[in-house]
Amino acid sequence: MLPPDEIRTLLNAHDDPLHRERPRDFDAEASAHRFALLTAALERRFGPSGSAGLFQDASVYGRFSVADGAGPAGRLWVELSNLGGFVTAGTGTDWSADSAADLSAEFVTWLDEVCTAAGCVLVPLELLLEPYEGPTATLVDDDRLFAETLAALGPDGPEGTEDADDADDEEDLQALWCHRYFDYV
C-alpha cells in the first residue's frame, strides 16, 4: 500500500472544484472495467453473499457489499470513486473509525493487491475520515450553510424552535475526505 502522505498527495491532486462528480476527462469504460475487476475478485472471495451496485449523482462510482456474517467482522463494503481510481473499504453501515478497525490486515493486503491489479489506489478509511478543507463544496458544506442561515435567524431558530443537539450537529458539519470522493454531490 502507498504511504499515507503519498495517498494524501493523490487525493489533493485529483480534487477539482469544477468537476465534483467526475473528472473532466472521466473514462466511463475504464471505470466500468475497474469496477468489474474489483467485483469479480470480491465475488470469488465471498461467493453469492456479495452484491454490487452503481451510484448516480455521486462522486462514488459503485459499491460491493457483503451480507452480515459473510464478510470480516460482519457486513463489509468496498467502494470505487469516480475520481482517481480510489477504492476504500469498511464494515458496518456507516463511515467511522470502527468500520476501518474491523478489517483484518490479511484482507487489506489482499484488497490492496486486487486494487493494484485493477489500476486503482486503495485509500485506508482512516485517511478518508480526516477533515477535508479543499476547494470543492460537499453536501456537508451545504448543510453547514443551511445551519448558519438558521442561526442567523436568532437563538430560537425559525418560528421559535431550538435544537438541543446543536453542539453534536456542529461536529457532523465538518467535511471529511470521504464526503469529497465517496458521496452524493
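Buried means under 20% relative accessible area, exposed over 50%, and partly exposed in between, using a 1.4 Å probe and protein chains only.

**Figure 1. Overview of the predicted chain**. Of its 185 residues, 39% count as buried. There are 8 helices and 5 strands, taken as DSSP runs (helices H or I, at least four residues; strands E, at least two) numbered from the N terminus. Their order along the sequence is α-α-β-β-β-β-α-α-β-α-α-α-α. This model is predicted: local features need pLDDT of at least 70 and side-chain atom pairs pLDDT 80 or more, while totals for chains, interfaces and linings use all residues. Numbering starts from 1 along each chain as its sequence is written, and side-chain values use heavy atoms, without hydrogens or water.

**Figure 2. Helix α4, residues 105-117**. The expected span is 1.5 Å times one less than the number of residues. For the 13 residues of α4 that gives 18 Å, and the end C-alpha atoms are 18 Å apart, which agrees. Buried residues of α4 are Phe-107, Trp-110, Leu-111, Asp-112, Val-114 and Cys-115. An α-helix has 3.6 residues a turn, so residues three or four places apart point the same way. Just after α4, Gly-119 has a positive phi of about 80 degrees.

**Figure 3. Accessible surface of the chain**. Areas come from the Shrake-Rupley method with a 1.4 Å probe; for residues, only the protein chains shown count as cover.
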